[in-house]
Amino acid sequence: MTLRKPTTLSRRRLLMAGAAVPLCAVLTRPASAAEFTYKLATGQDPTHPVNVRAKEAIDRIREATGGRLEINLFPANQLGSDTDLLTQVRNGGVEFFNLSSLILATLVPAAGIVNLGFLFTSYDAVWKAMDGELGAYIRAQIAKTPIMAVSSPWDNGFRHVTSSGREIRTPEDLKNFKLRVPAAPNLTSLFQALGAGPAPINFNEVYSALQTKVVDGQENPLPIIATARLYEVQKTCSLTGHVWDNYWILGNKRAFAKLPKDVQAIVTREFDRSAKDERVDIAKLSDSLRADLTAKGMQFIEVDRGAFRQALAKTSFYADWKGKFGEEAWAQLEKAAGKLS
């Protein structure tokens, strides 16, 4: 056996290696020297705009704080399911977490008020509400728990109905139409009120349920319809936009309070900036996906959303939810969405 001589590094090789290090790494503290090392967990795929823009935000935060705060990104539920992570961010095991209003509503019921049926007709209406009094009201309710909203809300898109047979063009077309919904009470009650047959099914079973005709349709934003390849088992997509949903970047209040005030301001500023960028991304993605899905054989149907809202208003749907949310929350909602009940 031939023994290798121990490897030695010459001064020349050390200098060459040093020259390869980006200048920015020299000008800021290394990660090991950070005063604060926090985690940001998300449930989305690494390529989703949420993670792309979150990564940009944490890079800017590291630079702007001179390396004092290092935030490590953990996408795709690497640290646990959404419900697990909601517990972790409450107890401080995870400092920051990106979560949909639909799920946050299990802890902060007021967060789900934006997920009721046919509230917003456009993104202009959405952001006027969410960057205004309604968003401020929801943030105040979140702050009554061990967590807080770190930035402006991010976009999760409008949800639409797809079908393998019956074309959904009017509210009447939903009568006895069996469709999959997630286990979210507001979505179940919405479609029950319109006479449909909502069936709560786990997302990993949606494709097979559609393929085997256990259900006739489902509802989701276009990015989900595309990435889950639901166009293979669905013929039409009715642009109902029946529910809009958002993401919140949530923070553990104790962990956030430990940060110096100037660092807190930088964190909020940079996540706000990425929130605005992500909103543009989702809007553009929805437009491009419509063309992509059309090319794959899916037919899009424009519907009169006003007719669906009027049909819903004739039921007890809005009155029932008004009773659950209370007068104060409902008053804020109607300022943004108009008279509902």
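1. Contact here means heavy atoms within 4.5 Å of each other, and helices (H or I, at least four residues) and strands (E, at least two) are DSSP runs numbered from the N terminus. The structure is a predicted model, in which local features need pLDDT of at least 70 and side-chain atom pairs count only at pLDDT 80 or more, while totals for chains, interfaces and linings use all residues. Residues are numbered from 1 along each chain as its sequence is written, and side-chain values use heavy atoms, with hydrogens and water left out.

2. In helix H15, which spans residues 327-337, the buried residues (under 20% relative accessible area, with exposed meaning over 50% and partly exposed in between, for a 1.4 Å probe and protein chains only) are Ala329, Trp330, Gln332, Leu333, Glu334 and Ala337. Their cover includes helix H7 (133-142), helix H13 (305-313) and helix H14 (317-325). Just after H15 comes glycine 338, with a positive phi of about 90 degrees.

3. A nonpolar core is taken as a set of buried Ala, Val, Leu, Ile, Met, Phe, Trp, Tyr and Cys residues joined through side-chain atoms within 4.5 Å. The largest such core has 58 residues, of which Leu104 and Ile138 touch the most other members. Apart from it lies another core, of 24 residues, with Ala54, Trp154, Val267 and Ala275 among them. Setting aside neighbours within four places in sequence, isoleucine 138 is in contact with Ala110, Ala111, Ile113, Val114, Met130 and Trp248.

4. Serine 101 belongs to helix H5 (residues 101-104) and counts as buried because its relative accessibility is 0%. Beyond its neighbours within four places in sequence, serine 101 contacts Ala111, Gly112, Val114, Asn115, Asp245, Asn246 and Trp248.

5. Rings of Phe, Tyr and Trp (its six-membered ring) pair if their centres lie within 6.5 Å, and planes under 30 degrees apart count as stacked, over 60 as edge-to-face and the rest as tilted. The whole structure holds ten aromatic pairs by this search. In one of them, tryptophan 127 and tryptophan 244 have ring centres 5.4 Å apart and planes at 85 degrees, so the pair is edge-to-face. Tryptophan 127 lies in helix H6 (residues 123-130) and tryptophan 244 in strand E9 (residues 236-252), so the pair ties together parts that are 117 residues apart in sequence. Tryptophan 127 is buried at 15% relative accessibility, as is tryptophan 244 with a relative accessible area of 2%. One aromatic cluster is formed by Phe120, Tyr123, Trp127, Phe158 and Trp244.

6. Threonine 65 sits in the loop between helix H3 (49-64) and strand E2 (69-74), and is buried, with a relative accessible area of 5%. Not counting residues up to four places away in sequence, threonine 65 touches Val263 and Ile266. Its C-alpha atom and that of lysine 339, 274 residues apart along the chain, are separated by 46 Å.

7. Arginine 229 has a positive phi of about 60 degrees; arginine 229 is placed in the loop between helix H10 (222-227) and E9 and is partly exposed, with a relative accessible area of 43%.
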